Amino acid sequence: MAPNSQTSLNEGKYAIPITTNDLEHQQSLDQNEFDYSKRSQWLRAAVLGANDGLISTASLMMGVGAVKEDIKAMILTGFAGLVAGACSMAIGEFVSVYSQLDIEVAQMKRDNQNKQKTLAHVAEDGDSEGDNEKESLPNPLQAAAASALAFSVGAMVPLLAASFIREYKVRLGVVAAAVSLALVLFGWLGAKLGKAPIMRSMMRVLVGGWMAMAITFGLTKLIGSSGL
């Protein structure tokens, strides 16, 4: 009797059915985790784009400010950097995400072909699964617009800081201070989204931005003073 009862217990363990509600609940949990991961990636990309626009535009303006005290030259340089950088970011992101889209669509087609060969009921569930898969695909236009917008937001910080100050030295100081504050903020956001040490991330971004502005200012001043 003992072997038979042990066998029946084992059979009972493996015979426990998994209901449709259980499967739907697990799929919902997996989908929520996936969506959170995607949102985190988009937010981090937006913070990096804004940080790029902030540093590159501020460095351009500081470089021109090293050899020209005219506020108009500084503002025009910053505006040109904003437009050029935003276009560059948008085009680069569009090409990159479109390539990713082609790869994922090709993989979806291969997966669907394999499912049709192995599962008889795929025809019943194929439409809803296909719609969910299409919704999860990356959007190149959305990615391009988000990158351009993030870059422009970052680039607006030094432009606004310099727009209303005529005094040359005060203008340079205000631009440096505004950019430093924005660098600390972007460093904090990047650390929160990436779950990294906050102080270390803020200092890394801040020192990196200072170095970019200082190098651009110094080299432009050197070249300008040499008469080249």
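Analyst: In this predicted model, a nonpolar surface patch of about 890 Å² is formed by Met 199, Met 203, Val 207, Trp 210, Met 211, Ile 215, Leu 219, Leu 222 and Ile 223. One of these residues, Val 207, is placed in helix 7, and Val 207 counts as partly exposed because its relative accessible area is 35%, a value between the 20% and 50% cut-offs.

Helix 7 itself runs over residues 198–225, a stretch of 28 residues. From its first C-alpha to its last, helix 7 reaches 40 Å, which is close to the 40 Å expected at 1.5 Å a residue. An α-helix has 3.6 residues a turn, so residues three or four places apart point the same way.

Helix 7 also has buried residues, and these are Ser 201, Met 202, Val 205, Leu 206, Gly 209 and Met 213. Ser 201, which lies in helix 7, is counted as buried because its relative accessible area is 7%, under the 20% cut-off. Once neighbours within four places in sequence are left aside, Ser 201 is in contact with Gly 187 and Ala 191.

As for the record, the UniProt annotation "transmembrane region", from an unreviewed entry, covers residues 42–61, 73–91, 143–165, 172–191 and 203–224. Within the model, the span of residues 172–191 is 100% helix and 0% strand, with its end C-alpha atoms 28 Å apart, while residues 73–91 are likewise 100% helix and 0% strand, with end C-alpha atoms 27 Å apart.

Definitions and conventions: Residues numbered from 1 in each chain as written. Predicted model: local features only at pLDDT ≥ 70, side-chain atom pairs only at ≥ 80, totals over all residues. Heavy atoms only, no water. Helix = DSSP H or I, 4+ residues; strand = E, 2+ residues; numbered from the N terminus. Expected span 1.5 Å × (residues − 1). Buried < 20%, exposed > 50% of the residue type's maximum accessible area, 1.4 Å probe, protein only. Contact = heavy atoms within 4.5 Å. UniProt positions renumbered as here; feature names shortened; annotations may be inferred. Patch = residues over 30% accessible without salt bridge, like charges linked within 9 Å, V, L, I, M, F, W, Y side chains within 5 Å. Areas by Shrake-Rupley, 256 points an atom, 1.4 Å probe, with all protein chains shown as cover. Salt bridge = Lys/Arg side-chain N within 4 Å of Asp/Glu carboxyl O.
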